[in-house]
Amino acid sequence: MNGATKVGAYVLGLAVVFGGALGVGKAVGPVGDTAAGTSPGAGTSHGAGHDSANPAKTGGTGETAQAGRAAEVPGGLQVSAAGYTLMPRTDVVEPGESVDFRFSVIGPDGRPVTRFTPQHEKKLHFIVVRRDLTGFQHLHPEQKGDGVWSVPLTLPAAGEYRAFADFAPEGASGMTLGMDLSAPGDYRPEPLAAPVRTATVDGYTVALAGDLAPGRTSRLTLSVSKGGKPVTDLEPYLGAYGHLVALRDGDLAYLHVHPDGEPGDGRTAAGPGITFFTEVPSAGAYRLFLDFKHGGTVRTAEFTATAGGVAVPATESAPAEEENTPAGEESPSDGASEAPEGPETSHNSDDHSH
């Protein structure tokens, strides 16, 4: 069954999301319509995740969410919003096989959208992750004409995946739409990794300082080091020193936030710290994915973080131990779960070599 056939069946699932069920897997909004209580920019990730959440730019305290934002549907939960619909050519991909994955964004007039406003140096960002929050990929498709987007895609293992298209149609607000993909086979989901304060990837260590708090602005700083020495020459990637994607465990609500400042602005250092202002919509566990570039290669560091005092059950592979807070940073104060002392191993995905 292709994506077009499945769209109608998703409508009922949206009501479950409003009911607070984090385990919803396929919740989407009404095709061609704006979800109730949302603005045309509902589901947008860039504004809500960066400028409007930065107290330095809004003049606010950052302690409470804006009243209008409370009614917004988190990004990525809908296949359609504000009259725009994500339409894949197929939603089944054989695991381990590289395919030319193609899709379109259908506009309010029923035609494929062909003109987009670039955001962070790209017209469209494409995020793919398995529903157990493994196998993260950050891709950038190419336009092939007639409103068709194309991207080489490999789903590494069997399972259910969620794909997010992050874009801004010309003349419209930015938004994030989501769709489900299937890789047939024996799907054995992995347990969510326990919260940690450090992650390692390719000899780099990334330390996380700060805590998520539901419904209000949180300041997170991720500091990059290598061989015990801070990295102070991070390279710009898509117009920034780092990009952070946050996905809520359960329904995979999507937040794409960007750091405070940008390369060349006269005040933002090229590391080791990258500071983000972000706002998570609810209590729960979140998976954080930090993309950073150094030595000509983009790498991804991964973390689990919690908001609102939610605890992640300990597993044999990730026992709960004493928290490791980076030197010079304050200990968590928002009720976050204690984190293991050892760093989490992240991945260096070839998906960034575009």
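The model described here is predicted. Strand 7 itself spans residues 148-154 and is mostly covered, since five of its seven residues are buried.

## The hairpin of strands 6 and 7

Strand 7 is also joined to strand 6, by three bridges, and these two strands run antiparallel; here glycine 145 has valine 148 of strand 7 as its bridge partner. Two residues lie between the strands of this hairpin, and aspartate 146 takes a positive phi near 60° in it.

## The sheet and its edges

These strands belong to an open sheet of five strands, arranged in the order 1-2-3-7-6 with antiparallel pairing. Strand 1 (80-81) and strand 6 (142-145) each have a single partner strand and stand at the edges, so one side of each is left without a neighbour in the sheet.

At the strand 1 end, two bridges join strand 1 to strand 2, the latter being residues 84-88, and the two run antiparallel. Tyrosine 84 in strand 2 is the bridge partner of alanine 81.

## The chain as a whole

The protein chain contains four helices and 19 strands, and of its 354 residues 51% are buried. Among its contacts between residues at least 6 apart in sequence, 68% join residues at least 24 apart. The accessible surface of the chain comes to about 14600 Å², and carbon and sulfur atoms account for 50% of that surface.

Definitions and conventions
Residues numbered from 1 in each chain as written. Predicted model: local features only at pLDDT ≥ 70, side-chain atom pairs only at ≥ 80, totals over all residues. Heavy atoms only, no water. Pairing = 2+ DSSP bridges. Buried < 20%, exposed > 50% of the residue type's maximum accessible area, 1.4 Å probe, protein only. Contact = heavy atoms within 4.5 Å. Areas by Shrake-Rupley, 256 points an atom, 1.4 Å probe, with all protein chains shown as cover.
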